Amino acid sequence: MKSDLDETAQRRRDLVGLGAFGVAALALPFRAWARSTAANAPTLRRFDAIVSRRGHSGALPSLEAALDVARRRNGAFVIGIDSGTYEEKIRIDRPGLVLAGLGKGSVVSFDASAGQPAPDGKPWGTGGSATLTIEAADVTLSNLIIANSFDFLRSIPSGEHGGRQAVALSLAGGADRTIVRDCRILGYQDTLYAREGRALFDGCTISGGTDFIFGGAAALFRRCTIVSRLVPGAAIQGYVAAPSTPERQAIGLAFDQCRLLREDGVPDASVFLGRPWRSSGNMDLTGFAAFLDCWMDAHIRSEGWTAMHYRSPGGPDGWLTPQQARLYEQGSRGPGAGHFSAVRRQLPPALASAIRRQAMFGAWRPALD
């Protein structure tokens with residue numbers, strides 16, 4: 001008999017193996033299911049639950065309803081999500097779960113920012129603002145749009161709600177061996193919180209402005225499109241990465257063969273590759289981020305990186321500089337690729353090799369096409 005882990009691995013391989021044809025292949029079982037033809041019944045075993053708001057017989061009306069079913073089952077569990085917008089705030093606390101969008105436009109969205117009040121009357125806070133939070137191991141997201149719909153631009157002149165951090169996707173406590181494939185992750189400030197664990201982002205589009213990919217996870221972004229968004233009138237439009245990597249951890253946020261693009265109107269030389277985040281003034285956080293064989297548009301500043309302020313507990317304020325942190329590049333191309341310097345440093349060959357061979361993940365080896 002197969003173990004739960006074996007079944008989970010096989011289901012993940014099934015989805016990973018779809019490759020570039022994943023959208024069409026996932027859509028086909030749903031169309032067969034919607035027609036309710038007996039001949040297609042074996043195909044439907046790909047999904048343990050379907051979420052749809054289009055009145056299909058047997059479908060569940062919300063992601064939360066599907067998660068409730070999953071929590072009562074053991075082993076791997078695959079949820080297919082029909083096209084449409086699901087205004088839900090989701091917390092995945094069940095391991096071995098797969099969420100797969102069916103066709104085009106499966107959107108999970110919620111409006112929450114750090115300064116807005118949660119149902120208990122207290123502010124959401126940065127982590128609490130997330131539209132989708134993962135708190136379990138071996139979770140896969142495929143072909144989804146995950147968005148925080150907080151109106152960042154409208155909040156700037158009014159100062160409404162205070163903190164404007166608004167997370168779309170959070171890999172929180174308990175997340176590990178996370179796979180996010182062919183997804184769009186949309187926000188403005190703090191779009192993707194890769195807080196901890198190991199994660200692969202493959203073929204995704206991630207959009208934002210300030211520190212919009214941040215955290216202490218060992219996360220590989222492979223062949224992703226990274227889009228800097230326009231903040232009208234701002235001289236500095238933003239920072240792509242804000243790693244808070246523990247010093248003992250060899251690699252943090254690694255971008256391999258990615259494209260760094262910009263929305264219309266984002267000026268040349270207005271976006272930093274990133275800055276090292278010493279969360280809560282924790283002196284053990286030295287921040288690792290690296291761009292390997294990436295193409296960069298002209299919005300990236302020539303110096304690449306910049307310092308970030310921190311306040312150490314019981315001590316004075318300080319600045320963690322690029323020279324003190326672990327911020328690197330190798331093989332950058334395009335108009336935003338600068339010359340190597342004391343600030344814009346070359347990635348050491350051993351670390352480049354570890355990223356290419358996925359040695360940054362230890363014994364875990366997620367499948368790549």
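## Close-up views of a predicted model

**View 1. The second largest pocket has a volume of about 170 Å³.** This view, like the others, shows a predicted model. The residues that line the second largest pocket are Thr126, Gln165, Gln189, Asp190, Tyr193, Asp211, Phe214, Ala242, Trp277 and Met308. Sorted by class, five lining residues of this pocket are nonpolar, three are polar and two are charged. Rolling a probe the size of a water molecule over the atoms shows where empty space is left.

**View 2. Eight strands form an open sheet with parallel pairing.** The order of the strands across the sheet is β3-β6-β9-β12-β15-β18-β21-β24. At the edges are β3 (84-87) and β24 (295-296), each of which pairs on one side only. The partner of β3 is strand β6 (residues 106-110), and the two pair in the parallel sense over four bridges. Within this pair, Thr85 stands opposite Val107 in β6.

**View 3. Val227 sits in strand β18 (residues 225-228).** Strand β18 belongs to the open sheet of eight strands, where its place in the order is between β15 and β21. Val227 has a relative accessible area of 14%; buried means under 20%, so this residue counts as buried. Leaving aside residues up to four places away in sequence, Val227 touches Thr205, Ile206, Ser207, Gly208, Phe212, Leu261, Arg262 and Glu263. Leu186 is 41 residues from Val227 along the chain, and the C-alpha atoms of the two are separated by 9.4 Å.

**View 4. Asp176 lies in the loop between β10 (169-171) and β11 (178-181).** Although Asp176 is in a loop, this residue counts as buried because its relative accessibility is 16%. The side chain of Asp176 makes a polar contact with the side chain of Arg177, at 3.3 Å. When residues up to four places away in sequence are not counted, Asp176 touches Ala136, Ala137, Asp138, Gly197 and Arg198.

**View 5. The whole protein has six helices and 28 strands.** This last legend gives the setting for the close-ups. Of the 369 residues of the protein, 54% count as buried, and both Val227 and Asp176 are among the buried residues. Among contacts in the protein with a separation of 6 or more, 64% are between residues 24 or more positions apart.

Methods
Residues are numbered from 1 along each chain as its sequence is written. This is a predicted model: local features need pLDDT of at least 70, side-chain atom pairs count only at pLDDT 80 or more; totals for chains, interfaces and linings use all residues. Side-chain values use heavy atoms; hydrogens and water are left out. Buried means under 20% relative accessible area, exposed over 50%, partly exposed in between (1.4 Å probe, protein chains only). A polar contact is a pair of N or O atoms within 3.5 Å; within protein, one must be able to donate a hydrogen and the other to accept it, and residues adjacent in sequence count only if both atoms are side-chain atoms. Contact means heavy atoms within 4.5 Å. On a 1 Å grid over the protein atoms alone, a cavity is a set of points where a 1.4 Å probe fits but cannot get out, and a pocket is an open set with protein on both sides within 12 Å along at least five of seven lines; lining residues have an atom within 4 Å of a point. Grid points are joined across faces, edges and corners, and a volume is the space filled by probe spheres set on the points. Ala, Val, Leu, Ile, Met, Phe, Trp, Tyr, Cys and Pro count as nonpolar, Asp, Glu, Lys and Arg as charged, and the others, Gly among them, as polar. Two strands pair if DSSP finds at least two bridges between them.
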